[in-house]
Amino acid sequence: MKSKTHKVAVIAHRGARSLAPENTLAAARRGYEVGADMWETDVAVTADGELILFHDDSLARTTDAAERFPDRAPWTFTTFTLAEIRTLDAGSWFVRQDPYGQIAAGAVDPATAASYIGERVPTVREALQLTKELNWCINLELKRQPAPQEHFPLVDAVLKVIDEVHLPDDQIIISSFNHAWLRQVAAMRPRIECEALVGFSKTEPLQWEKTEFGVYNVRYTLITPEEMRALAARGVAVNLFTVNDEEAWRQEIEAGAVGIITDFPQKLIAMLEANSL
Ligand code: G3P
Ligand code: MG
């Protein structure tokens, strides 16, 4: 478990994605500025085998790929080279849509919002370098890759970049719904913390009788406070995703959550500080 400033670790989901375009360096910087303990981000592989930060299978929602490459629908990121992806604007959509209303609410000032226009999709190397520069922590989520990169050796590639950047092991977490990848990481780099994501399907029942990992990152609607208390008593740590609701934060902290993955680290920290938590 990583050190934390408050009673729970505040984990900025896709960077602080209510304050800046998700999975960009700008979002990570905002997460750091508001005081999050770490940022979570999604690892993706380009057509030419480069590692970037990206969430959706399609580039369409969070970049201008559909306008720039109209004949490449459905704009699956694994079919674009890094050079192509680097020409995309991954920031303007956020300013146009203000998806979490934080520009309208004044939490993002106009000059900052304007600075997001033209923001680039970052590489994993840049994400690790920024984390090192800030002396901060990063949770790299290793995602299932769409075709034609479904068999890409993701673990080897990620560990190689980590080694090249020299980010200390205790500033890195690797998480994944693919637990076989986590076993691979654990065997190759035992000092890097692995966190097992569970609840890929929003409804699947979770079994807690047998646990393999020391830390589970659980979809928050699929675990009860009783189950969390029982896990804590067995020394199993639970982080919850993705929780944006103050009432849920209170219940989860009470039930012994170790960390909360949220789009609103600024609000979670304000709540923790207002309650001396
Ligand atoms: O780390 C938890 C969370 O990021 C998993 O879901 O789809 O937001 O990457 P997703
Ligand atoms: Mg993620």
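Helices (H or I, at least four residues) and strands (E, at least two) are DSSP runs, numbered from the N terminus. The structure shown above is a predicted model, in which local features need pLDDT of at least 70 and side-chain atom pairs count only at pLDDT 80 or more, while totals for chains, interfaces and linings use all residues. Residues are numbered from 1 along each chain as its sequence is written, chains are lettered from A and ligands numbered from 1 in the order in which they are written, and side-chain values use heavy atoms, with hydrogens and water left out.

Pro74 lies in the loop between helix 2 (65-68) and helix 3 (82-85). The peptide bond that leads from Ala73 to Pro74 is cis, and its omega is near 5 degrees. A cis peptide bond also joins Ala147 to Pro148, with omega near 5 degrees. Pro148 belongs to the loop between strand 4 and helix 7.

The backbone can next be followed through residues with a positive phi. Asn23 is not a glycine, yet its phi is positive, at about 55 degrees. This residue is located in the loop between strand 1 and helix 1 (25-34). Asn23 has a relative accessible area of 4% and is therefore buried, a term that means under 20% relative accessible area, whereas exposed means over 50% and partly exposed lies in between (1.4 Å probe, protein chains only). Ser276, also a residue other than glycine, has a positive phi near 50 degrees. Ser276 stands in the segment after helix 11, and with a relative accessible area of 69% it is exposed.

Strand 1 (residues 9-13) contains Val10. Val10 counts as buried because its relative accessibility is 0%. Which residues surround Val10, leaving aside its neighbours within four places in sequence? Val10 is in contact with Ala36, Asp37, Met38, Ile260, Pro265, Leu268, Ile269 and Leu272, where contact means heavy atoms within 4.5 Å. The C-alpha atoms of Val10 and Asn239 are separated by 9.7 Å, although the two residues are 229 residues apart along the chain.

Attention now turns to helix 10. In this helix (residues 246-254), the residues Ala248, Trp249, Glu252 and Ile253 are buried. Viewed down the axis of helix 10, these buried residues fall within an arc of 130 degrees, so they line one face of the helix; the arc is that of the directions from the helix axis to the C-beta atoms. An α-helix has 3.6 residues a turn, so residues three or four places apart point the same way. The cover over the buried residues of helix 10 includes helix 9 (225-233), strand 8 (237-241), strand 9 (259-262) and helix 11 (265-274). Just after helix 10 comes Gly256, with a positive phi of about 95 degrees.

The model also contains a metal. The magnesium ion (ligand 2) is coordinated by Glu40 (OE), Asp42 (OD) and Glu141 (OE), at 2.0 to 2.1 Å. Donors are N, O and S atoms within 2.8 Å of the metal (3.2 Å for Na, K and Ca), and water is not among the atoms, so sites may look incomplete. Along the chain, the donors of this magnesium ion follow the spacing E-x1-D-x98-E. Glu40 counts as buried because its relative accessibility is 5%, and Asp42 is buried with a relative accessible area of 1%.

Pockets complete the picture. On a 1 Å grid over the protein atoms alone, a pocket is an open set of points where a 1.4 Å probe fits, with protein on both sides within 12 Å along at least five of seven lines, and lining residues have an atom within 4 Å of a point. Grid points are joined across faces, edges and corners, and a volume is the space filled by probe spheres set on the points. The largest pocket has a volume of about 500 Å³. It is lined by 29 residues, of which His55, Glu141, Lys143, Phe177 and Phe200 are the closest to its centre. Strand 2 (38-45) and strand 4 (138-142) each supply at least two residues of this lining, and strand 2 gives the largest share, 4 residues.

The second largest pocket holds about 200 Å³ of space. Residues lining the second largest pocket include Gly49, Leu82, Arg125, Phe152 and Glu164. Helix 7 gives the most to this lining, with 4 residues.
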